[in-house]
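This briefing covers strand pairing and helix packing. Please consult the sequence and the model below before reading on.

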Amino acid sequence: MNELSVFKNIPIQTAAIASLYPDIKAVNRKVANLEKADRIIRLKRGLYVVNPKESGFLLSLGLIGNILYGPSYVSRLTALREYGLIPERVDVVESMTTHLSVSFDNPVGRFEYYHCPKDYYSIGITQREEEGLNYLIATPEKALCDYIVSTPKLPLRFIKDTYVFLEEDLRLDMDAFKEMNVNVLEHCAAVSKKQQAINNLIKILKK
């Protein structure tokens with residue numbers, strides 16, 4: 001077992017790596033050499049994860065998404081795909097945050113963050129396990145609301161438009177949709193800037 005495996009697949013800062021080498025004064029150079037040797041992967045400045053070839057642990061993209069830019073939770077199409085609600089593969093880790101919208105590209109992948117207000121943010125968040133670690137993710141209901149709220153120019157003024165969006169655009173599993181928790185949708189509608197669109201979801205769900 002090498003010294004870096006102690007961190008497993010948890011994202012770590014420079015100081016944590018430096019703690020493994022107390023006798024080395026040029027810490028930044030040591031970290032740079034570890035990165036150059038492909039033993040660690042830089043997620044952003046000052047934040048790294050041990051290469052799975054070194055640690056023996058697969059990476060958790062969900063946990064990386066949480067830590068890379070926070071507070072945040074995985075949501076939108078990434079979460080819908082994770083729950084098996086949409087058929088298309090999603091190559092981006094999409095998250096919601098109370099901070100400014102931003103995106104990161106690193107050797108692990110692309111991470112996109114969408115802003116939402118604090119009172120809306122706190123609704124419908126749960127934990128999910130991936131590669132032995134827990135990360136924050138939207139419930140299916142919240143992920144659907146998040147996609148609607150954070151996507152501009154969605155024409156969802158009428159029930160008919162909403163059906164087309166769900167069945168043809170998202171290709172959402174409508175049987176699973178019928179099992180969604182209406183209370184989460186109602187809480188989102190109460191504080192969302194797209195109340196009418198979410199209310200259309202509620203009307204369809206209650207039919």
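Two strands pair if DSSP finds at least two bridges between them; helices (H or I, at least four residues) and strands (E, at least two) are DSSP runs, numbered from the N terminus. This is a predicted model, in which local features need pLDDT of at least 70 and side-chain atom pairs count only at pLDDT 80 or more, while totals for chains, interfaces and linings use all residues. Residues are numbered from 1 along each chain as its sequence is written, and side-chain values use heavy atoms, with hydrogens and water left out.

**Strands**

- Strand S2 (residues 40-44) runs antiparallel to S3 and is joined to it by four bridges; Arg42 stands opposite Tyr48 in S3.
- A hairpin is formed by S2 and S3 with two residues between them, and Gly46 in the turn has a positive phi of about 85°.
- Strand S1 (residues 12-13) is also antiparallel to S3, through two bridges, with Gln13 opposite Leu47.
- S3 (residues 47-50) is covered on both faces: Leu47 and Val49 on one side, and Tyr48 and Val50 on the other, are all buried (under 20% relative accessible area, 1.4 Å probe, protein chains only).

**Helices**

- Helix H7 (residues 140-150) packs against helix H11 (residues 195-206) at an angle of about 145°, with the axes 10 Å apart; axes are lines fitted to C-alpha atoms over the stretch in contact, and angles run from 0 to 180 degrees between N-to-C directions.
- Leu144, Cys145, Ile148 and Val149 in H7 meet Ala197, Ile198 and Leu201 in H11 (heavy atoms within 4.5 Å).

Conventions
Buried means under 20% relative accessible area, exposed over 50%, partly exposed in between (1.4 Å probe, protein chains only).
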